[in-house]
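Welcome! Take a look at the structure below, and then we will walk through a few of its features together.

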Amino acid sequence: MIIVMSPTASPADLDTVVAKIRDAGLTEHISRGSERTIIGAIGDERKLSEQTFEQMTGVERAIHIVKPYKLVAREGHPAGSIIDIRGIKLGGSEIQVIAGPCSVETQEQMKLAATGVAAAGCRMMRGGAFKPRTSPYAFQGLGVQGLEFFQDAAREHDMPIVTELMDVRMLNTFLEHDVDVIQIGARNMQNFDLLKEVGRVNKPVILKRGLSATISEWLMAAEYIAAGGNNNIILCERGIRTFETAYRNVLDVTAIPVLKKETHLPVLVDPSHAGGKAWMVPALSRAAIAAGADGLLVEMHPNPCEAWCDADQALTPQELNDLMDSLRLIAQAVGRSL
Ligand code: PEP
Ligand code: MN
């Protein structure tokens, strides 16, 4: 951290700042200019807060020089992380498309969905048993029975399952049901207690971006999981809130190269919750892969018109199949395979 003293700072003000730096276990490096004195705090500056110094007399400004996140940062971990999901690699040269319905509805629906996902050539399946709904009167998910329907259907095709964990009290149930990938939804991106708990288990976690979260906030949320010892983290851009009302959310394609530069974690894109309409999904998916995403999380329903949740944005099995075909060429163009 660099602390810039004001031109009127007294020697006593300087001593107080130096004492504060030493209290935190860091050392000071003082540089006296013609107008101002600048103090460098040397050591793990993540322990220091800018506000602490900025409210001290004689201090004009305090500026962090290192990133607030460490474990998820690409600096110090130049190679991209590859997450192993029951033998399937996410983050390597192969693009992974995870598809399935928004929510688990019935045993029959999940069987048909699993058949469609596998037939399209996807290797992993999504589906929510616990749903974060805006209205308390909307379908909330089948709960534990949903996990059972989901596992039964996906296991027939040997596909790992991705499903959302909303409540920390359900974590053991998820482990007992052998959920392969825990999804933390947009609305829970900053549920820090939930992040700490999934940080303690050894399961891959998909961390979706909060509705209005900055990239820095998102990476700090990922840092919570990593700080608990779980490095199997996958980020998922799912669209952000802006002033635009013509579609559900704005797919932040710009975030993809930024994340690739800032972090070693794999990046997925969810085109379904971004656009909110099935017809937008192919274009957004192609943009995502072209921009460097490691995979997609896509909603597909055996019969979208009948879907209990997010019917507008679900692809049909045939549309998923066509999407996979159209993505192969884009993947090749960016040196990946699908
Ligand atoms: C979902 O994937 O079903 C979901 C609810 O997504 P998000 O958390 O991104 O809204
Ligand atoms: Mn959905």
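## The metal site

Along the chain, the donors of the manganese ion (ligand 2) are spaced as C-x170-H-x25-E-x10-D; donors here are N, O and S atoms within 2.8 Å of the metal (3.2 Å for Na, K and Ca), and water is not among the atoms, so sites may look incomplete. Cys 102 (SG), His 273 (NE2), Glu 299 (OE) and Asp 310 (OD) coordinate the ion at 2.0 to 2.4 Å. Cys 102 counts as buried, because its relative accessibility is 5% (buried means under 20% relative accessible area, with a 1.4 Å probe and protein chains only).

## About the model

This is a predicted model, where local features need pLDDT of at least 70 and side-chain atom pairs count only at pLDDT 80 or more, while totals for chains, interfaces and linings use all residues. Residues are numbered from 1 along each chain as its sequence is written, chains are lettered from A and ligands numbered from 1 in the order in which they are written, and side-chain values use heavy atoms, leaving out hydrogens and water.

## An open sheet

Four strands form an open sheet in the order β2-β3-β1-β4, with antiparallel pairing. Because β2 (27-32) and β4 (59-63) stand at the edges with a single partner strand each, one side of each has no neighbour in the sheet. Strands are DSSP runs (E, at least two residues), numbered from the N terminus, and two of them pair if DSSP finds at least two bridges between them.

Further in, β1 (residues 2-5) and β3 (residues 37-42) pair in the antiparallel sense over three bridges. Ile 3 has Ile 39 in β3 as its bridge partner.

Terms used. Buried < 20%, exposed > 50% of the residue type's maximum accessible area, 1.4 Å probe, protein only.
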